[in-house]
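I opened the coordinates to go through the chains, their sheets and their cores. The entries below are in the order in which I looked things up.

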Amino acid sequence: MSAVRLLVGTRKGAFVLTSDGKREEWKISGPHFAGWEIYHLKGSPVDPNRLYASQSSGWFGQMIQRSEDGGKTWEPVGNEFVYEGVPGTHQWYDGTQHPWEFKRIWHLEPSLADPDTVYAGAEDAALFRTVDGGKTWQEMPGLRGAKGNLWQPGAGGMCLHTILLDPSQPNRIFVAISAAGAFRSDDAGQTWRPINHGLKSEQIPDPTAEVGHCVHRIAMHSSRPGVLFMQKHWDVMRSENAGDSWNEVSGNLPSDFGFPIDVHAHEPETIYVVPIKSDSEHFPPDGKLRVYRSRTGGNEWEGLTSGLPQSDCYVNVLRDAMAVDSLDKCGIYFGTTGGQVYGSADAGDTWNPIVRDLPAVLSVEVQTLP
Amino acid sequence: MIRVVLPFHLRKLAHVDGEVQLDVKDPVTQRSVLDALEASYPVLRGTIRDHVTQKRRAFVRFFACEQDLSHELPDTPLPDAVATGAESFVVLGAMAGG
């Protein structure tokens with residue numbers, strides 16, 4: 001019988017939540033790395049018991065942990081992230097140029113083909129890669145060549161938070177950076193170009209600039225990797241051409257501000273977002289926690305509320321804190337800054353809290369296991 | 001032997017309890033003690049000093065003999081009491097309120 005394993009990163013440690021395919025009863029393991037910020041954990045698609053975790057601390061810096069047994073035991077691997085060559089500079093808050101400084105790893109994306117190859121998204125924004133299971137990391141500096149001198153940190157830091165690997169074209173990689181935008185490489189990460197045409201951001205001097213957009217998340221369905229969905233600072237967007245151009249699909253959402261966006265495992269036109277009131281008030285509109293689902297790839301949205309708090313709810317759902325499993329029916333999961341992890345075993349129709357009182361949730365990933 | 005006290009999280013990373021004892025050749029300085037510490041416990045590389053600059057991380061402090069030695073130059077000799085093992089060299093995370 002199949003099973004699912006949730007990998008939950010929080011402000012104070014990692015938790016591993018497991019259930020059988022019914023997804024009704026859950027076992028909770030953790031905290032792992034108690035007291036450390038766990039920005040992200042993710043398993044290898046080709047070796048699901050091989051997990052990687054980004055463990056960081058304002059005091060003691062960055063660690064990367066690796067598990068060979070699905071998160072039961074862990075060992076630290078390499079933690080040296082050094083920018084290639086002379087790091088150069090990017091825009092700073094005061095308009096001056098500021099040198100790139102490594103702060104932490106926001107996101108780990110294991111290769112689709114090799115468990116020892118993992119991509120890592122860093123703050124200050126850069127893409128690193130290991131090909132030896134995390135022992136050593138090398139920057140892919142071509143990304144910072146894509147107008148990196150014009151990138152500028154938002155209030156959350158200049159972080160590379162999204163990495164999408166195209167299953168149909170092994171040399172194609174997408175990344176997204178706050179507050180720089182989305183970027184694509186078609187040569188396995190050697191060279192990159194901004195893919196922000198069609199984005200409009202009133203918060204920057206030139207709303208249609210080539211870079212400078214605060215992209216919060218991008219998502220794809222593996223069967224149609226040329227179609228991308230984006231939750232921007234404001235606006236939900238869609239691209240039909242691998243990011244060459246974007247169109248807004250916010251439609252009837254109560255707010256088009258938000259952080260995560262994800263795609264149903266079996267329905268490439270079914271997408272999910274969690275509207276947040278505004279960039280000034282990071283909580284759900286009207287104190288009602290609602291996931292919105294579109295079955296038409298955007299524009300037409302329905303609120304999903306069954307089992308979610310519909311009064312006095314003022315949590316946020318961060319960009320890496322939503323995931324879908326590949327069971328039938330598709331399971332959807334998300335974590336909140338209030339420490340709740342909610343799950344739906346019926347594609348979002350009904351929800352249940354899996355756990356209510358974790359530290360603030362930074363990330364949620366799910367593995368569907370045989 | 002030089003005695004080093006590590007903070008909770010670094011003791012857990014290094015899998016040690018209590019003080020760490022290190023054989024450090026003269027001169028006994030912050031740099032030589034930390035070099036010896038990292039040689040014995042490679043997992044601590046990058047957690048006390050930056051990998052590239054080798055500067056103390058901003059919220060790590062060094063105390064010994066009831067003094068804050070955090071701002072001493074890395075090659076300044078540590079107090080004799082540390083060099084003789086009478087006193088420990090304390091690495092700790094800065095207090096954070098809130």
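Predicted model: local features only at pLDDT ≥ 70, side-chain atom pairs only at ≥ 80, totals over all residues.

**Entry 1**

Local features are read only where pLDDT is at least 70.

**Entry 1: chain A overall**

I looked up the secondary structure of chain A and found zero helices and 30 strands. I then checked the radius of gyration of chain A, which is 19 Å; the globule rule gives 21 Å for 370 residues, a close value, so chain A is as compact as a globular protein of that length. Along the principal axes, the C-alpha atoms of chain A fill a box of roughly 50 × 45 × 40 Å. Of the 370 residues in chain A, 52% are buried. I also looked at sequence separation: among the contacts in chain A with a separation of 6 or more, 50% are between residues 24 or more positions apart.

**Entry 2: chain B overall**

Chain B has three helices and five strands, and along the sequence they follow the pattern β-α-β-α-β-β-α-β. The radius of gyration of chain B is 12 Å, close to the 13 Å from the globule rule for 98 residues, so chain B is as compact as a globular protein of that length. The box filled by the C-alpha atoms of chain B is roughly 35 × 25 × 25 Å along the principal axes. Buried residues come to 26% of the 98 residues in chain B. For contacts in chain B with a separation of 6 or more, residues 24 or more positions apart account for 53%.

**Entry 4**

I traced an open sheet of four strands in chain A, with the order 3-2-1-30 and antiparallel pairing. Which strands stand at its edges? They are strand 3 (27-32) and strand 30 (361-369) of chain A; each has a single partner strand, so one side of each is left without a neighbour in the sheet. On average, neighbouring strands of this sheet are turned by 15 degrees against each other, direction ignored. Strand 1 (residues 3-10) of chain A runs antiparallel to strand 30 of chain A, and eight bridges join them. In this pair I found Leu6(A) opposite Val366(A) of strand 30.

Another open sheet of chain A has four strands in the order 26-27-28-29, with antiparallel pairing. Strand 26 (322-324) and strand 29 (352-355) of chain A are the edge strands, each pairing on one side only. The twist from one strand to the next averages 25 degrees. I counted three bridges between strand 26 and strand 27 (residues 332-335) of chain A, which pair in the antiparallel sense. Met322(A) has Phe334(A) as its bridge partner in strand 27 of chain A.

**Entry 3: strand 11 of chain A**

How many of the six residues of strand 11 (residues 118-123) of chain A are buried? Six of the six are, so strand 11 is largely enclosed by the rest of the structure. Val118(A), Ala120(A) and Ala122(A) point one way, and Tyr119(A), Gly121(A) and Glu123(A) point the other way; all are buried.

I then followed its partners. Strand 10 (residues 104-110) of chain A is joined to strand 11 by six bridges and runs antiparallel to it, with Pro110(A) bridged to Val118(A). Strand 12 (residues 126-130) of chain A pairs with strand 11 over five bridges, also in the antiparallel sense. Ala122(A) stands opposite Ala126(A) in strand 12, and a hairpin of two residues joins strand 11 to strand 12 of chain A.

**Entry 4: nonpolar cores**

I looked up the largest nonpolar core, which has 106 residues. Those with the most contacts inside it include Val8(A), Tyr333(A), Val341(A) and Val364(A). Leaving out residues up to four places away in sequence, I found that Val364(A) touches residues including Leu6(A), Val8(A), Met322(A), Tyr333(A), Phe334(A) and Val341(A). A second, separate core has 23 residues, among them Val4(B), Val20(B), Val24(B) and Phe62(B).

**Entry 5: contact between the chains**

Last, I counted the contact: twelve residues come from chain A and twelve from chain B.

Note on methods. Residues numbered from 1 in each chain as written. Chains lettered and ligands numbered in written order. Contact = placed C-beta atoms within 7 Å. Core = buried A, V, L, I, M, F, W, Y, C linked by C-beta atoms within 7 Å. Buried ≥ 20, exposed ≤ 12 C-beta atoms within 10 Å, placed from the backbone. Pairing = 2+ DSSP bridges. Axes fitted to C-alpha atoms, helices over the stretch in contact; angles between N-to-C directions. Rg over C-alpha atoms; globule rule 2.2 N^0.38 Å.
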